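I opened this structure to look up a pocket, an interface and some charged pairs. My notes follow.

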Amino acid sequence: MPDARAPKRDAINPRVQDHAPPARIEETGDARLVEQARQGDDEAFEALVLRYERKLLSVLTRLVLDRELARDLAQETFWRVYGRLDRFDTSRRFGPWLFRVGVNLALDELRRHRGHPQPASLDETQPEGWSRFEASDSDPRHQIELAQEVRFVLEKLPLPFRSVLVLRDLEGFSSAEVAAVIKKREATVRWRLAKARELFREHWERREGGHGA
Amino acid sequence: MERNILSCRWTRSRLPLLAGGDLLGPERRRAERHLVGCPECRRQLASTQAALDALRTAATCDPTPPTPSLWPELSRQIRESRRPERTAWPRLLAWPGAALAASLLLTLGGVTLFRRHDPGPTVVVTKPQRPKTQALVVQTDRADEPDQADGLDRPRRVPLEPPVVQDTH
């Protein structure tokens, strides 16, 4: 994962997936692929899916903290985008639009279940699949534990702040990209980001103090 | 003193951005100048940086290990959405057709019932200029006298007496 500290010019970059699209499509820009998909070219839409699905899954998983739910939401996101291709302005960037649809779906889902909070304490059984994280550090257990602690604290944050924190600090989106995704002005994003980090710090210190760290 | 409090408040509101490398230009320089002389704000900056370090460490943990692509399922969904409904055409006609048939049946049944129980016109004939003229009322009302010799409902005919014309000369 890229270092979230360095500002990213374009974190919503297409990533080559395990199953690469046909060679003629690899170099084609998003706008061209959208045009082709509108005319019924399924290979073009497939290329868009393969470009963005991993990043989208990552964002959604960090937001909803449930891998299966994130996969369902990602599927729904692409389906909705497919249904709205004819209305998409190809002069705009496809990536922020895609992530906007996905993030909104995730936030709607979280709001629907707000009255039914999911357990997120480390004292409880580890969520299925969460322990299978990859880590580049020599001590992966530490990273995994840290990731779980972060997840616990993230759940405490109100949704508008959680989404900005996930996009900026966990997924490496630039402030401009975050603004495009959540459809707010960049100044609003910066304010929310400052507030989100402050809230995270307060909860983090409280939790670290509780664990005697 | 008051100026320091205001300066602290201003700086602390920007520490989260400073810690994340998002505070730039004159604001950054102003905050850094304040931090030189304010240990409390430096402590808070340090704790904010520690929290952000935890976030960045968590960011290196990939929450999405390699999983099957979403494309096969999406592709199936797209193909199914394009499949025309095979029964759409007959289905389109089904309801209007049924309604038409029902209305025809109702109409025929209604006509049949109507003809069976129709009393027919009532005719009243009077015979003037005749002594002891009696109004002869001829009715073809079949309600009281049904002719059902052959099962068919026919009007019963009552012969009329021709009127008598008197010679007035």
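**Second largest pocket**

I began with helix α5 (residues 94-112) of chain A, which gives the largest share of the lining of the second largest pocket, 3 residues. Before going on I noted that the model is predicted, that local features need pLDDT of at least 70 and side-chain atom pairs pLDDT 80 or more, while totals for chains, interfaces and linings use all residues. Residues are numbered from 1 along each chain as its sequence is written, chains are lettered from A and ligands numbered from 1 in the order in which they are written, and side-chain values use heavy atoms, with hydrogens and water left out.

Helices are DSSP runs (H or I, at least four residues), numbered from the N terminus. A pocket is an open set of points on a 1 Å grid over the protein atoms alone, where a 1.4 Å probe fits, with protein on both sides within 12 Å along at least five of seven lines; lining residues have an atom within 4 Å of a point.

I read off about 270 Å³ for this pocket, the volume being the space filled by probe spheres set on the points. Among its lining residues are Arg84(A), Phe88(A), Trp97(A) and Lys183(A). I sorted the lining by class: 4 nonpolar, no polar and 6 charged residues. Asp, Glu, Lys and Arg count as charged; Ala, Val, Leu, Ile, Met, Phe, Trp, Tyr, Cys and Pro as nonpolar; the others, Gly among them, as polar.

**Chain A against chain B**

How many residues does each chain bring to the contact? I found 46 from chain A and 37 from chain B, with contact meaning heavy atoms within 4.5 Å. The two chains bury about 4,200 Å² between them, 60% of it on carbon and sulfur atoms. Buried area is the accessible area (1.4 Å probe) lost on putting two parts together, summed over both. Gln75(A), Trp79(A) and Arg197(A) supply 15% of the area that chain A buries here, more than any other three residues.

**Salt bridges**

I used this rule: a side-chain nitrogen of Lys or Arg within 4 Å of a carboxyl oxygen of Asp or Glu. Within chain A, Lys55(A) and Glu171(A) pair at 3.4 Å, N to O. Lys55(A) sits in helix α3 and Glu171(A) in the loop between α7 and α8 (175-182), so this pair ties together parts 116 residues apart in sequence.

Notes:
Helices (H or I, at least four residues) and strands (E, at least two) are DSSP runs, numbered from the N terminus.
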